[in-house]
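The sequence and structure come first.

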Amino acid sequence: MPKHFQFEALVRSVLPELHSYALWLSRDPHLAEDLVQESLLRAWRSLHTLREAGAAKSWLMMIIRREHARYYERQRPVPMDIQAVDFPEALLTHRDEDPEIAELRRAIFELAQDYREPLVLQVLLGYSTKEIAEIMDVSQGAVLTRLFRARKQLQKKLATEDEIAQK
Amino acid sequence: MNCIDYRRLITSDPSHVGAEGLRHRLACSSCASFAVEMQQFDTKLRQAMMIEPPRDLESRVMLAASGRSTTRRRWLAVAATLVLAVGGVVTVLNSYSLEQLPDHVIKHLYHEANLLVPVSTELVPAPRLRQVLKRTGVELSEDVDEVIHAGVCYFRGHLVPHLVVLSADGPVTVMLLPDEKVDETMPIDEDGFHGVIVPVKGGSIAIIGSGNYPEQIERQFVQAVEWQT
Ligand SMILES: [Zn+2]
Ligand SMILES: [Zn+2]
């Protein structure tokens with residue numbers, strides 16, 4: 001298969017999930033696009049070593065993760081979660097109309113980075129808790145705790161918003 | 001395993017509770033319903049986490065990979081010449097043939113069949129409609145009436161507005177397609193769907209209903225639509 005066809009197929013198969021991952025990681029649509037583009041360009045250059053899409057996705061995810069960390073080392077001495085970040089409203093508009101999904105998206109956005117990332121790796125990218133522990137370089141027990149707290153926080157937030165809505 | 005341990009486990013990792021967890025779930029009906037709720041929550045979570053990429057990201061990546069500029073503005077400037085110059089890119093930008101367009105529109109309608117039988121006739125609030133259009137680079141210079149659904153859909157490589165408009169003959173689907181350049185009106189007559197794809201200002205609009213042809217709606221959109229490329 002010619003290289004560009006192979007690459008095009010790869011891009012199509014990984015783009016939606018990778019872009020979502022980059023977005024939840026950075027919470028910045030422009031940075032997310034740059035991270036995705038950068039990682040895919042590297043994939044283009046090493047295409048011969050990427051045999052199948054599943055392995056390629058992990059490889060690309062790790063590049064996005066590293067470049068994102070590097071970006072913050074260079075740009076921002078302040079820990080991200082202390083900074084006020086506005087929610088990009090465009091993220092709320094999606095093909096579905098379910099207001100609960102929009103609320104959930106907002107709640108995920110507001111989770112602390114340490115909770116948000118493992119949750120996205122698990123739910124969106126399908127990694128096991130053991131794999132997430134390796135990716136994030138923490139113990140599996142710590143991953144389980146963060147995932148537990150992340151879901152609890154989201155559910156609590158949604159329940160509170162329901163109450164407010166009902167008043 | 002007791003209830004507390006089981007619930008803790010399923011809240012951390014709903015898809016991998018193991019044999020011991022499964023045994024508890026089978027024996028304890030209150031934890032079984034807790035588990036169902038948790039799995040439903042995860043389905044929603046996954047839905048919420050999936051954010052569609054911007055309409056041109058894929059083509060930008062392909063162009064950048066072929067050794068050209070990576071910035072957006074230059075991309076627009078060179079895109080036209082590249083279509084001719086780079087073999088690989090031609091397949092990206094033109095990977096969907098024009099003849100297949102009516103077919104793809106019908107397929108898309110089936111894909112979102114729930115929209116063909118609207119559950120409510122509530123109008124889409126104006127700010128929501130504006131947001132959908134803005135996100136896809138489309139503008140309406142005049143207000144359009146009776147829009148009961150406005151969503152952004154990934155269609156033939158681009159994010160486009162997918163609207164449902166209420167007419168006297170039932171719901172009419174309107175898809176605004178800035179990137180689909182058609183030379184003349186293409187009729188759609190298939191599976192009980194009647195409609196057209198009309199060329200508008202270098203793009204096109206697909207209008208499909210199942211009753212009489214909604215001329216009024218066509219006129220409204222053809223007049224109002226503006227593409228912001
Ligand atoms: Zn129990
Ligand atoms: Zn649609």
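Helix 1 (residues 3–26) and helix 5 (residues 113–123) of chain A are roughly antiparallel to each other, because their axes cross at roughly 170° and angles over 145 degrees count as roughly antiparallel. The two axes come within 9 Å. Helix 1 of chain A contributes A:Tyr21, A:Trp24 and A:Leu25 to the contact, and helix 5 of chain A contributes A:Gln113, A:Arg116, A:Glu117, A:Val120 and A:Leu121; contact means heavy atoms within 4.5 Å. Of these residues, five are nonpolar, one is polar and two are charged.

This is a predicted model, in which local features need pLDDT of at least 70 and side-chain atom pairs pLDDT 80 or more, while totals for chains, interfaces and linings use all residues. Residues are numbered from 1 along each chain, chains are lettered from A and ligands numbered from 1 as written, and side-chain values use heavy atoms, without hydrogens and water.

The zinc ion (ligand 1) has protein donors in chain B, lying 2.1 to 2.4 Å from it; donors are N, O and S atoms within 2.8 Å of the metal (3.2 Å for Na, K and Ca). The four donor atoms subtend angles of 102 to 116°, so the arrangement is tetrahedral (all angles between 85 and 135 degrees). Along the chain the donors follow the spacing C-x20-H-x3-C-x2-C.

| Donor residue | Donor atom |
|---|---|
| B:Cys3 | SG |
| B:His24 | NE2 |
| B:Cys28 | SG |
| B:Cys31 | SG |

B:Cys3 in helix 1 (residues 3–12) of chain B and B:Cys31 in helix 3 (residues 29–49) of chain B are 28 residues apart. B:Cys3 is partly exposed at 34% relative accessibility, whereas B:Cys31 is buried at 0% (buried is under 20%, exposed over 50%, partly exposed in between, with a 1.4 Å probe and protein chains only).

Technical notes
Axes are lines fitted to C-alpha atoms, for helices over the stretch in contact, and angles run from 0 to 180 degrees between N-to-C directions. Helices (H or I, at least four residues) and strands (E, at least two) are DSSP runs, numbered from the N terminus. Angles under 35 degrees count as roughly parallel, over 145 as roughly antiparallel, 65 to 115 as roughly perpendicular and the rest as oblique. Ala, Val, Leu, Ile, Met, Phe, Trp, Tyr, Cys and Pro count as nonpolar, Asp, Glu, Lys and Arg as charged, and the others, Gly among them, as polar. Four donors count as tetrahedral if all angles lie between 85 and 135 degrees; four count as square planar and six as octahedral if opposite donors are over 155 degrees apart and all others between 65 and 115; anything else is irregular.
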